[in-house]
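Here is a short tour for anyone who likes to think in contacts and angles. Have the viewer ready and follow along.

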Amino acid sequence: MRKENGMTATQPITGPVTEASEQPGATGSPSGGRKPGGDARETLYFALRNPKVIIGMVVVLGFLLLGLLGPAFLRYAPMDYAGPPMAPPSADFPFGTTTFGQDVFAQFVAGLRSTFLVGLLGGGVSAVIGMTIGFVAGYRGGLIDELLNMLTNVVLVIPGFVVLIIINAYLGVRSVPMQALYIGVFSWPWVARAVRAQTLSLRSRDFIDLARLSGVGVGTILRREVAPNMYSYLFMTFVLLFGGSILTAASLDFIGLGPTNAMSLGLMMNQAVQWSALHLGLWWWFIPPGLGITLIVGSLYIMNVGLDEVFNPKLREM
Amino acid sequence: MRGYLARKTLVYGLTFVVAVTLNWLIPRLMPGDPVQRMVARAAVQHPETIASMTEYYERTFGLDLPLWQQYLNYWAALFRGDLGTSVWLFPAPVSQVVLDAVPYTLGIMIPAILLSFVVGNSVGAMAARSRWLDNVALPVGYLITAMPYMWLAILLAWGFGVALGWFPVAGGYDFGLVPQWSWSFALDLLQHWVLPFLSLFLVSLGGWAIGMRNLIIYELESDYANYLAALGAPKRLIRQYAFRNAQLPQITGLALQLGTILGGALVTEIVFAYPGLGKLVLSAIQNQDFFLLQGTLLFVVIGVLVANFVIDIVYVLVDPRTRTGLTGGTA
């Protein structure tokens with residue numbers, strides 16, 4: 001109970017989750033020892049009846065579809081000088097054009113692709129690192145735990161954004177996947193902490209002892225016994241990391257450290273400000289990219305609250 | 001308490017070493033010859049200039065020395081406060097350029113952080129267990145938190161600055177004024193400060209409100225709250241206790257959020273061309289001034305570490321468990 005609540009509290013602030021789950025004793029029983037496949041249908045049943053999950057999913061999937069299918073229907077490439085400069089939204093150019101006559105809608109659609117790619121890869125990388133470190137530290141304990149914990153704390157305190165600026169400025173990260181990779185490398189610590197705390201509380205359970213007695217290796221125990229009991233939590237963690245990566249990437253792009261070979265929503269805002277769209281009143285240039293990010297990330301957060309209710313029957317009753 | 005602070009200090013010390021090492025290492029991982037690249041980036045044609053620039057960079061980086069010696073020299077220079085010379089604002093020393101910009105950044109960050117923390121926590125505490133507020137505050141809170149920092153800044157600059165013309169949208173003070181101690185200058189400074197501050201304040205607000213709401217709900221379900229209710233204590237009193245307990249994880253959260261807020265402050269300043277560290281970072285990147293970039297970022301790291309330490313001390317003051325050596329704060 002405690003952990004799920006902490007989870008909701010974490011959305012943007014990673015604090016509560018670490019605090020809440022730092023006390024393993026208080027961590028509620030993560031759904032007993034059930035096998036994951038058994039209640040998948042039940043989970044789906046509740047998920048499809050939760051308005052927050054539905055709304056969040058519809059918005060996110062809608063943008064995803066637009067990003068995936070949109071380019072096929074566009075007449076102009078993002079950087080093409082397609083029409084009259086500074087044209088307000090019209091039938092030909094649904095989001096208007098830039099000072100150079102580029103189609104803002106085409107840029108937006110291309111930017112959506114980068115946004116989802118960064119979220120998926122960045123979130124994925126940090127989830128894998130965080131979970132691996134969390135599992136190993138929590139399960140092994142002892143010196144390994146101490147060392148990994150120290151590493152986690154150090155990376156946690158380092159302002160990751162700042163290191164990303166240096167890396168991007170020097171190493172010239174000029175592709176979306178590389179950017180996502182670097183973002184992932186610096187955003188895993190709170191995941192590692194939370195996963196570690198939960199693994200600690202699971203480690204002393206009977207079914208883990210049983211697995212250990214039957215001589216199964218550590219990796220297998222973590223994969224087959226520990227992780228399935230945390231699937232719901234891990235999934236929600238991934239959703240948060242996904243949103244976080246998108247926001248970080250947008251900030252980097254805005255500073256001018258984004259990909260040079262692709263369009264992104266952050267880059268659109270960078271160009272809009274650089275070419276004084278604000279003073280020229282070209283609101284159609286800078287509103288869509290920010291609104292897109294806000295809606296995608298906001299929907300992810302709201303979906304997460306809904307998922308929390310789905311996975312946690314106690315919250316569901318409320 | 002001593003153990004708690006000692007452990008924290010160890011972590012911060014280690015973090016500082018790691019950060020400085022990264023700062024030293026990353027430029028050396030740059031593909032190709034860094035000196036050649038930087039000379040090439042300067043785009044000068046004169047062979048003489050190129051030769052002297054190459055020599056200058058070789059010497060300042062100390063690239064002819066063995067690696068371990070370069071590393072030690074870097075530390076030595078650091079402790080002398082020598083962060084190199086800015087290329088962009090030649091011949092100003094980097095440390096001076098950075099120190100001039102720091103007050104602006106702190107000036108918007110500190111009030112924004114403190115106010116959003118206090119206001120957000122109160123809003124969140126009010127929203128908890130009040131259906132109407134909850135239904136409004138929660139979705140709004142999530143959307144605000146999901147906003148990219150610079151987008152809100154852009155919206156404010158456009159709405160209040162350009163469209164309504166209430167506030168100036170660029171600079172730390174009017175370009176026609178000379179910094180001095182006078183009322184008109186202070187007023188001008190304040191006018192330029194409002195929008196960047198507001199932008200940073202608003203983005204942070206949602207997160208604190210949501211966090212507090214969730215924590216209060218959790219606290220109100222706990223045994224002590226039920227016990228108090230069973231004793232017949234007034235609701236207000238129970239909520240007060242819940243609020244105080246819920247604040248502890250929020251303070252931890254504040255420490256963890258510092259890096260993110262700082263990143264937000266940097267991009268916010270860029271939108272408003274506010275003369276703080278963010279603008280320095282942007283100028284350094286645009287002008288390929290790597291000494292300035294590294295110096296600025298090193299300052300930022302130090303700032304975050306100091307702030308973390310301050311929060312730890314606050315934590316010791318508000319959480320008695322850390323004082324008695326029980327498990328309180330998170331290491």
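## Chain B at a glance

Please keep in mind that this is a predicted model. Chain B is built with 13 helices and zero strands, so its pattern along the sequence is simply α-α-α-α-α-α-α-α-α-α-α-α-α. Along the principal axes, the C-alpha atoms of chain B fill a box of roughly 85 × 55 × 40 Å.

## A helix pair in chain B

Two packed helices are described by the angle between their axes and the distance between the axes. For helix H1 (residues 2–29) and helix H12 (residues 290–318) of chain B, the axes come within 11 Å and cross at roughly 170°. Angles over 145 degrees count as roughly antiparallel, and H1(B) and H12(B) are therefore roughly antiparallel to each other.

On the H1(B) side, the residues making the contact include B:Tyr4, B:Leu5, B:Tyr12, B:Phe16 and B:Val20. H12(B) contributes, among them, B:Leu298, B:Ile302, B:Leu305, B:Phe309 and B:Tyr315. Sorted by class, this contact has 14 nonpolar, five polar and two charged residues.

## Where chains A and B meet

How many residues of each chain are in contact with the other? Chain A brings 56 residues and chain B brings 66. The size of an interface is often given as the accessible area lost when the parts come together. Here the area buried between chain A and chain B is about 5,600 Å², and carbon and sulfur atoms give 78% of that area. Between chain A and chain B the count is zero salt bridges, while the rule finds two residue pairs in polar contact across the interface, both at pLDDT 80 or more.

On the side of chain A that touches chain B, the elements giving two or more residues include helix H1 (2–10), helix H6 (142–157), helix H12 (231–255) and helix H15 (283–311) of chain A. The largest share, twelve residues, comes from H15(A). By class, this side of chain A has 38 nonpolar, 14 polar and four charged residues.

## Salt bridges

Side chains of opposite charge can pair when their charged atoms come close. Over all chains, the count comes to four salt bridges. One of them joins A:Lys52 and A:Glu309, with the closest N and O atoms 2.9 Å apart. A:Lys52 lies in helix H4 (residues 51–73) of chain A and A:Glu309 in helix H15 of chain A, so this pair ties together parts that are 257 residues apart in sequence.

Methods. Residues are numbered from 1 along each chain as its sequence is written. Chains are lettered from A and ligands numbered from 1 in the order in which they are written. This is a predicted model: local features need pLDDT of at least 70, side-chain atom pairs count only at pLDDT 80 or more; totals for chains, interfaces and linings use all residues. Side-chain values use heavy atoms; hydrogens and water are left out. Contact means heavy atoms within 4.5 Å. Buried area is the accessible area (1.4 Å probe) that two parts lose on being put together, summed over both. A salt bridge is a side-chain nitrogen of Lys or Arg within 4 Å of a carboxyl oxygen of Asp or Glu. A polar contact is a pair of N or O atoms within 3.5 Å; within protein, one must be able to donate a hydrogen and the other to accept it, and residues adjacent in sequence count only if both atoms are side-chain atoms. Helices (H or I, at least four residues) and strands (E, at least two) are DSSP runs, numbered from the N terminus. Ala, Val, Leu, Ile, Met, Phe, Trp, Tyr, Cys and Pro count as nonpolar, Asp, Glu, Lys and Arg as charged, and the others, Gly among them, as polar. Axes are lines fitted to C-alpha atoms, for helices over the stretch in contact, and angles run from 0 to 180 degrees between N-to-C directions. Angles under 35 degrees count as roughly parallel, over 145 as roughly antiparallel, 65 to 115 as roughly perpendicular and the rest as oblique.
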